[in-house]
Each structure stands twice: as structure tokens, then as C-alpha cells.
Amino acid sequence: MLEEVKKSLESSPIVKKGDYNYFVNPISDGVPAMDPKMLRELSLAVHKHADLDVDKIVAVEAMGIHLATALSLATDIPFVVIRKRQYGLEGEQEVYQKTGYGSSNLYINDLHPGEKILIIDDVVSTGGTFIALLKTLQDMDLEIKSAVAVIEKGEGKKIVEKETGIELLSIIKLDVIDGKVVIEKTIED
Ligand SMILES: O=P(O)(O)OC[C@H]1O[C@H](OP(=O)(O)OP(=O)(O)O)[C@H](O)[C@@H]1O
Ligand SMILES: Nc1nc2[nH]cnc2c(=O)[nH]1
């Protein structure tokens with residue numbers, strides 16, 4: 001079921017961001033162009049394995065947005081985006097996000113205590129982004145029914161789960177070894 005996704009990930013170029021081995025792929029970069037078959041495979045996998053009894057799908061800018069859009073179209077559940085832009089709206093929450101190669105502030109809007117949510121992002125790697133977001137969403141009294149990182153790179157999932165107590169659903173686990181993406185497992189294995 002994840003054949004197109006696996007093929008594409010295995011052929012990802014690796015670029016260096018400082019010491020960090022960064023794979024480049026349509027799912028997580030939007031380049032090169034994405035075959036819609038891949039998006040469909042991922043959306044179906046999330047649909048099958050995540051808890052969709054939620055009020056909102058929450059996408060993390062930028063590369064969670066297309067994944068949330070596909071899922072929203074398939075389920076009719078509305079989605080909201082955690083942005084890198086500050087709006088200054090009432091109730092806006094600022095979150096500091098640190099990855100393996102950079103950092104920025106993220107801004108949460110239009111999420112309210114008691115709402116049930118599914119949060120989706122493209123990659124978990126160091127876990128910095130998910131840890132910061134999940135802790136803030138817990139503090140905001142949201143009910144996190146599903147947290148989805150479509151691609152799990154390295155040890156990020158375990159780190160997030162240990163730090164937050166929230167289980168992270170990943171569709172594909174991979175690592176970068178000797179300059180190549182190696183797929184370790186998928187949710188279908
Ligand atoms: O587990 P971590 O080490 O935190 O890495 C994961 C984060 O890194 C990427 O975000 P990036 O800030 O590069 O933003 P983008 O989605 O705008 O490309 C990715 O989309 C995740 O949000
Ligand atoms: N595309 C891409 N996104 C990431 N987000 C965190 N690590 C990575 C990576 O290696 N590649």
C-alpha cells in the first residue's frame with residue numbers, strides 16, 4: 001500500500017545542513033513534485049490507523065499542511081494550521097520550536113479547551129517540534145486523540161513519547177545511513 005512512498009523516499013537526495021543529514025522528498029519538502037498517488041497512500045494509512053473521532057485536524061506549517069488538507073477532504077473534518085506567522089489574535093499561543101538544523105516561533109490559534117484534535121506533521125526527527133507543541137496543547141486542555149508524524153527519522157518518536165506521555169503514530173520509519181535513506185519499517189509491515 002505504501003509502494004510509491006517507499007520508492008520515492010529511497011531515492012531522496014541528502015543535503016547537509018551543518019552536520020545534519022537532511023533528506024529531500026516531496027512529502028517533507030514539496031520538491032521534487034509529488035505524485036498524487038503518494039498523498040493518497042499516506043492519507044489512507046493515516047485514515048486507517050489514527051483516531052478520527054476529533055473536532056479538528058491540526059497541521060504544522062509548512063509541511064503538515066498538504067497532509068492535513070488531504071485528510072480533511074477525505075473525512076470532512078475541518079483543519080487549522082499552526083503558523084510561523086504571528087497574528088496577535090486573542091488567545092494566540094506562542095511556541096518556540098527547535099529542530100536539528102534551525103529554530104523558529106510557532107503560533108497556535110483557534111483551538112479551545114476540551115476540543116478533540118488530531119495533530120499531523122511530516123517528520124519527527126529530534127522531537128523538538130512535537131515536544132514543544134504537544135506540551136503546549138496539553139497545557140491548553142486540548143484532548144489530543146492522535147498525534148501523527150508521517151515520517152519517523154532516527155529516535156524522535158521515542159523521545160517525544162518519553163517527554164510527553166503521548167503516543168506518536170508514524171507511518172514510515174527511516175534513517176539516513178552512509179548518505180542514503182534506509183527504510184526500517186512501515187505501519188503496514
Ligand atoms: O523533530 P524535529 O527535529 O523538531 O524536526 C521536525 C520538524 O522539522 C521540519 O520543520 P521545519 O522547521 O524545517 O519547517 P517546514 O515544515 O516549514 O519545512 C518538519 O516539518 C518538522 O516540523
Ligand atoms: N525534508 C526533511 N524534513 C525534515 N525535518 C526534520 N528532518 C528532516 C529531514 O531530514 N528532511
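Ala, Val, Leu, Ile, Met, Phe, Trp, Tyr, Cys and Pro are counted here as nonpolar, Asp, Glu, Lys and Arg as charged, and the others, Gly among them, as polar. On this scheme, the shell around ligand 2 has 4 nonpolar, 4 polar and 2 charged residues. The structure is a predicted model, in which local features need pLDDT of at least 70 and side-chain atom pairs count only at pLDDT 80 or more, whereas totals for chains, interfaces and linings use all residues. Residues are numbered from 1 along each chain as its sequence is written, while chains are lettered from A and ligands numbered from 1 in the order in which they are written.

The residues that surround ligand 2 are Tyr-22, Phe-23, Val-24, Asn-25, Ser-28, Asp-29, Thr-99, Val-123, Ser-125 and Lys-153, a residue being near a molecule or strand if its C-beta atom, placed from the backbone, lies within 6 Å of it. Two or more residues of this shell are given by each of strand 2 (20-23) and helix 2 (26-29), where helices (H or I, at least four residues) and strands (E, at least two) are DSSP runs numbered from the N terminus. Around ligand 1 there are 17 residues, of which Ala-62, Met-63, Ser-125, Thr-126 and Thr-129 come nearest. At least two residues of the shell around ligand 1 are supplied by each of strand 7 (116-124) and helix 5 (128-139), and strand 7 contributes the largest share, 4 residues. By class, the shell around ligand 1 comprises 5 nonpolar, 9 polar and 3 charged residues.

Helix 3 (residues 36-49) packs with helix 1 (residues 3-10) at an angle of about 115°, the two axes being 8 Å apart; axes are lines fitted to C-alpha atoms, for helices over the stretch in contact, and angles run from 0 to 180 degrees between N-to-C directions. In this packing, Glu-4, Val-5 and Ser-8 of helix 1 meet Lys-37, Met-38, Glu-41 and Leu-42 of helix 3, with two residues taken to be in contact if their C-beta atoms, placed from the backbone, lie within 7 Å. The contact of helix 1 with helix 3 has 3 nonpolar, 1 polar and 3 charged residues.

The buried residues of helix 3 are Met-38, Glu-41, Leu-42, Ser-43, Ala-45 and Val-46, a residue being buried if 20 or more other C-beta atoms, placed from the backbone, lie within 10 Å of its own, exposed if 12 or fewer do, and partly exposed in between. The elements that cover these buried residues include helix 1, helix 2, helix 4 (65-75), strand 8 (143-153) and strand 9 (168-177).

Several loops carry backbone features of note. Most residues other than glycine have a negative phi, and most peptide bonds are trans. A cis peptide bond, with omega about -15°, joins Val-31 and Pro-32, and Pro-32 lies in the loop between helix 2 and helix 3. Another cis peptide bond, with omega about -10°, joins Glu-61 to Ala-62, the latter being found in the loop between strand 3 (56-60) and helix 4. Asp-110, although not a glycine, has a positive phi of about 55°; Asp-110 is found in the loop between strand 6 (103-108) and strand 7 and is partly exposed, with 13 other C-beta atoms within 10 Å. Asp-141 likewise has a positive phi, near 65°, and its place is in the loop between helix 5 and strand 8, where Asp-141 counts as exposed, with 11 C-beta neighbours inside 10 Å.
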